[in-house]
Amino acid sequence: MIRSGGAPTVRDNTVCDGRASGVYVYDGGAGVFEGNVIERNAVHGVAVRDAGPEGDAAPAAGGACAAGRPRLVGNVIRKSGQNGVFVYARGGASLERCEVSGSGRCGIVVAEDAAADVAACKILNNRHEGLWLSDGARVTLSGWPRGPAP
């Protein structure tokens, strides 16, 4: 759980078998999560909400990590009970080269005036939608492969 100005760098770990979300960032928390395996958590693999007092979940310039906007790079997020990544309630996140698979519901959900940059991610084999956007979601998609799936 990361909140109120917390901004750790978490690299090359396994976060698994939790009774709630594997990683929960809220109330202005941030951080860089790189090369981790986040799997088999009961609720969401990663949950991000509330960008903090300014309430601005807009992307930070140059790939920097703004307050309340964690950066997820090269993570494997799989077999979450609900959603692989859930960004909501004015939260914001940046996902780069992540694989999100095998979730009980959707791969990535962005809702409730939240924002996300999703670049070159693989979203596959989730029970429902790969990418679900609703209720004022602001999303930038880039680096997606072209053509039929292998």
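I count two strands as paired if DSSP finds at least two bridges between them. Strands (E, at least two residues) and helices (H or I, at least four) are DSSP runs, numbered from the N terminus. This is a predicted model: local features need pLDDT of at least 70, side-chain atom pairs count only at pLDDT 80 or more, and totals for chains, interfaces and linings use all residues. Residues are numbered from 1 along each chain as its sequence is written, and side-chain values use heavy atoms, with hydrogens and water left out.

**Entry: strand β14**

I started with β14 and its partners. β11 and β14 run parallel and are joined by five bridges. I found L95 with V118 of β14 as its bridge partner. β14 also pairs with strand β17 (residues 138-142), again in the parallel sense, over five bridges. There, D117 stands opposite T140 of β17.

Why is β14 largely enclosed by the rest of the structure? Four of its five residues are buried, so the rest of the structure largely encloses β14. For burial I used relative accessible area: buried is under 20%, exposed is over 50%, and partly exposed lies in between (1.4 Å probe, protein chains only).

**Entry: the open sheet**

Next I traced the sheet order. Six strands form an open sheet, β1-β4-β7-β10-β13-β16, with parallel pairing. Its edge strands are β1 (2-3) and β16 (131-133), each pairing on one side only.

I then looked at strand β10 (residues 85-88). V85 and V87 point one way, F86 and Y88 point the other way, and all are buried. In a regular strand the side chains alternate between the two faces of the sheet.

β10 pairs with β7 in the parallel sense over four bridges. In that pairing I noted V46 opposite V85. β10 also pairs with β13, in the parallel sense, over three bridges. Here F86 stands opposite V109.

Moving on, I checked strand β13 (residues 108-110) against β16. They pair in the parallel sense over three bridges. I108 has L131 of β16 as its bridge partner.

**Entry: salt bridges**

How many salt bridges does the structure hold? I noted eight. The cut-off is a side-chain nitrogen of Lys or Arg within 4 Å of a carboxyl oxygen of Asp or Glu. Side chains of opposite charge can pair when their charged atoms come close.

I looked up R11 and E34. They form a salt bridge, and their closest N and O atoms are 3.2 Å apart. This pair links distant parts of the chain: R11 sits in strand β2 (residues 9-11) and E34 in strand β5 (residues 32-34), 23 residues apart. R11 is partly exposed at 46% relative accessibility. E34 is partly exposed too, at 28%.

R69 and D117 came next. Their side chains meet in a salt bridge, 3.1 Å from N to O. R69 lies in the loop between β7 (46-49) and β8 (71-73), D117 in strand β14 (residues 115-119), and the two are 48 residues apart. Buried or exposed? Both R69 and D117 are buried.

Then I checked R71 and E96. Their salt bridge spans 2.6 Å, N to O. R71 belongs to strand β8 and E96 to strand β11 (residues 92-96), 25 residues apart, so I logged this pair as linking distant parts of the chain. R71 is partly exposed, with a relative accessible area of 25%. E96 is buried, at 15%. I also noted one network: D17, E39, R40 and R78 are joined by salt bridges that share partners.
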